[in-house]
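Let's take a friendly tour of a protein model, one topic at a time. Keep the viewer open as you read.

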Amino acid sequence: MKTKEAPAAVTNACKLCSPLGAVLAFKGIEGAVCILHGSQGCATYIRRYMISHYKEPLDVASSSFSEDTAIFGGSFTLMQGLDNLIKQYRPALIGVATTCLSETIGDDAGRILHDYKKERAGQGLPVLIKVSTAAYKGTHADGFVSAVRETVEALAKKGTKNDSVNIFPGMLSPEDLRNIKETAEVFGLRYTLFPDYSETLDAGQWGGYELLPPGGTPLEALTDTANAAVTIELGNSAGQGETAGKYLQKEFGVKRASLPVPIGVKATDLFMEELEKAAGKQIPDKYLKERGRLIDSYVDGHKYVFGVKAAVFGEEDLVVSMAAFLDEIGMIPSVCASGAPAGKLENLLREAIPDFDAKEITVLEDADFELIEQAVKKISPKIMIGSSKGYKISRKLNIPLVRCGFPVHDRAGGARIAHVLYKGSQQLFDRIVNKLLEDAQENSAAGFSYM
Amino acid sequence: MEKLKILEGRRGQVFEKGKDAFKLNCGVKSTSGAVSQRACVFCGSRVVLYPITDALHLVHGPIGCAAYTWDIRGSMSSGPVINRHSFSTDLREIDVIYGGAEKLYKAASQLIDKHKPEAAFIYSTCIVGLIGDDVEAVCKKLSEEKKIPVINVDSAGFKGTKKDGYKAACESIAKLVGTGDISMIAPYSINILGEFNLAGEAWIIKDYYTRMGVNVNAVITGDGRVADLKRAHGAALNVVQCAGSMTYLAEIMKKKYNIPFIRVSYFGLDDMTSALYDVAAFFEKNPEINERAGMVVKDEMDAIMPGLLRYRKALSGKKAALYVGGAFKAFSLIKALRVLGMDVVLAGSQTGNKEDYEDLKKICDDGAIIIDDANPQELSRYITEKKADVLIGGVKERPIAYKIGIGFCDHNHERKIPLAGYAGMLNFAGEVYSSVMSPVWKLVLRNDTFGQKRSRP
Ligand code: SF4
Ligand code: SF4
């Protein structure tokens, strides 16, 4: 079911702007720091927004446009900003993401970086990577994908072929990233996970302030992505445009496996099969047991979820994979919504969900929360699954919300929400079932203390 | 104090009392690449205007500015809540190329029809400032068609600092003031300017004045209504709470309507008390007001003193660092912390001016650091050096404090607990107490030599 043309105004957006995605990706590189080329506000707001989710320090610089800069161009201020960042942070890499403003005045950040490198030649500069992230051209998810691709394009260098695996996981939580790393290790794989903000955005105590938080994908590993045996790229929408994995395939002949985000049994099976192939050995017992427990929990909880309608919203990747997961456990993803521009979501959902048409799924593309609210009101799902920005609707319509993805601003532990692999899916499943049970319990006349 | 690590362009913005003699450099735009804690012009106008609850606030620009600021303020409403939506024209590439005025007209028109606001504010952000949409013309057309004031708030982020946003907001409010009927306004009436009703603070303050026999005509803009703003010129006195943001409006109103103004603060016992007596002094023709003010002060003090003394006992001798938006708030906080027996070892702000910092220097103790437009590196460094036990600041400062293992207390515009007034002082003390005294700090490693402990592998 398609939606009609969106109104001119957006009320409570279900998306963010592209530099945010780039900032997140750059946080997954060891020793990296990021500067947004544009006005101060964008950088500060993006920082603030991300800090509220990750609850970690998150330094993002800005080239602090002034009126003059906007008229005469940002080359001077960007160079000055780079100088200052290098002096303060001594980073190994600086990610330069453009904003609407610098893009619109036609500042060629790539050219500026080129000149900068020439002017400062011989000074041992950090790696400089530019990514175009005019927000009016895409969402935060696009910014993320672009930054990953630009980084790989800039760093990957031909060397000796080896048997390692590139894993490009997409916008997952730090907890998810840790779980993926652990799995690759248990398989005994040599691997590069990128981006890897599992530590930079979910760290222990530091004692002193770390300007460059420990963790992140090392630069050498990024260089070596050109020589890997295979790239595993997670996320359906990533399959659509130019991606880092496609680049490596084209330029260096690295095989590419494009997989859905591994939520649920089937999707995780696909991921495990890829790891089996790469490692040349069978799935370790540990994961067979986790898989067993996941299916067992499905069985224990099947009655509570069967036929239950849900509304899912967020980034396309998450929505598609979550919908497939709900379908797998017998729920119906009756409302699937994303703020991403129209065109992809419905097709991806069709691929992911057999008998899509029979399920009467309302797909909302380019959606804001007002549109989502209307759909939710009409369809009356029993549960909502997505970021904490859905809380307003949840409260208004009295429909419980299971928080996942990004952002989760009103709860602790947003960075530690597990979504993927057998174990993460298990936790997700339990949360959904328990939310439904809690709701039933609260709304039953007498309450109950047995299931 | 070793200054090497401060960026060249920022040297004049860090000052140590008792050691340095220069005039603090402030009011300048953030240094490029410095990871400033500041936002932009739009931020300034938004914080002032958004608490107007029955107005439509439409952000004209690409999605970010609106999305990141959706409902982030703790301003409460006793009625309409149109302001808690995030409306945006969500400009796309095609709009940026061909101009967004038409989209703006459509968007605003649809939204006004749907939400029926009493007025609409259109915030022009960076891109709009650049592509030059004729927002003024759209506003004029909409005002005529919809029969409500539709006001252009010129808030392109790059055109200055947060302060310019305050100014833009004041100008927008000034367009409403003077358009309402004031015949029914009581003689002993004040407007409170720069009180945003965070966590219901305006209600607390209003209650004090009411008990004194003073009528609060309009709170600008906490729990604000367009009709109140239109009538604001009917008050006898403007009481300016957040000086940084609203003195400009007070000056406009003085010039235009001959309404005098005084500056007050509602944070801390001394300042709160003065804020009541100063208003009473203005209405000296009616000595009863002063008398009743005395009663309010006594009742309120009696109610909180026992609790406050308990906190003071525990907190005496602890050290605090402050990093707040406006410098005026810093004074009140320093005094409030002294009431708790605490020393302030660092005081900084995003937007202080020369006089603010001179005053700050006077009130701070020797050894205290005074800082303008700081960044995480400087903040963490001085907090560590000065061995503060707690940092008082906003969301972006919180993880800095936590990661270096000290307490944090939120005094930003997002707070959920009222910190103004007498009851607010007790809340504040409680907040500081639970931040500083938590046993978790015993588990945390605290490193006193900044940045020495571990270098990047
Ligand atoms: S939408 Fe554009 S201008 Fe607005 S915050 Fe994002 S990058 Fe900045
Ligand atoms: S685009 Fe401009 S107005 Fe909007 S947040 Fe960025 S600096 Fe502020």
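In which hand of crossing does α13(A) pass α14(A)? The crossing is right-handed, meaning that the near helix is turned clockwise from the far one by less than a right angle. This is a predicted model, in which local features need pLDDT of at least 70 and side-chain atom pairs count only at pLDDT 80 or more, while totals for chains, interfaces and linings use all residues. Residues are numbered from 1 along each chain as its sequence is written, chains are lettered from A and ligands numbered from 1 in the order in which they are written, and side-chain values use heavy atoms, with hydrogens and water left out.

**Helix α13 with helix α14, chain A**
- Helix α13 (residues 316-328) and helix α14 (residues 345-352) of chain A pack with axes 9 Å apart, at an angle of about 25°.
- α13(A) and α14(A) are therefore roughly parallel (angles under 35 degrees).
- On the α13(A) side, the contact (heavy atoms within 4.5 Å) is made by E316(A), V319(A), V320(A), A323(A) and A324(A).
- L345(A), L348(A), L349(A) and A352(A) meet them from α14(A).
- By class, this contact of α13(A) with α14(A) has eight nonpolar residues, no polar and one charged.

**Helix α4 with helix α6, chain A**
- The axes of helix α4 (residues 75-89) and helix α6 (residues 109-119) of chain A come within 10 Å and cross at roughly 55°.
- α4(A) and α6(A) are therefore oblique to each other, and their crossing is right-handed.
- Among the residues in this contact are L78(A) and L82(A) of α4(A), and I112(A) and Y116(A) of α6(A).

**Where chains A and B meet**
- Chain A gives 70 residues to the contact and chain B gives 73 residues.
- About 6,100 Å² is buried between chain A and chain B, 60% of it from carbon and sulfur atoms; buried area is the accessible area (1.4 Å probe) that two parts lose on being put together, summed over both.
- There are five salt bridges between chain A and chain B (a side-chain nitrogen of Lys or Arg within 4 Å of a carboxyl oxygen of Asp or Glu).
- K15(A) forms a salt bridge with D90(B), with the closest N and O atoms 2.8 Å apart.

**Backbone details**
- F194(A) and P195(A) are joined by a cis peptide bond, with omega about -10°.
- From I220(B) to T221(B) the peptide bond is cis, with omega near 15°.
- N398(A), a residue other than glycine, has a positive phi near 60°.

Notes: Axes fitted to C-alpha atoms, helices over the stretch in contact; angles between N-to-C directions. Helix = DSSP H or I, 4+ residues; strand = E, 2+ residues; numbered from the N terminus. Parallel < 35°, antiparallel > 145°, perpendicular 65-115°, else oblique. Nonpolar A, V, L, I, M, F, W, Y, C, P; charged D, E, K, R; others polar.
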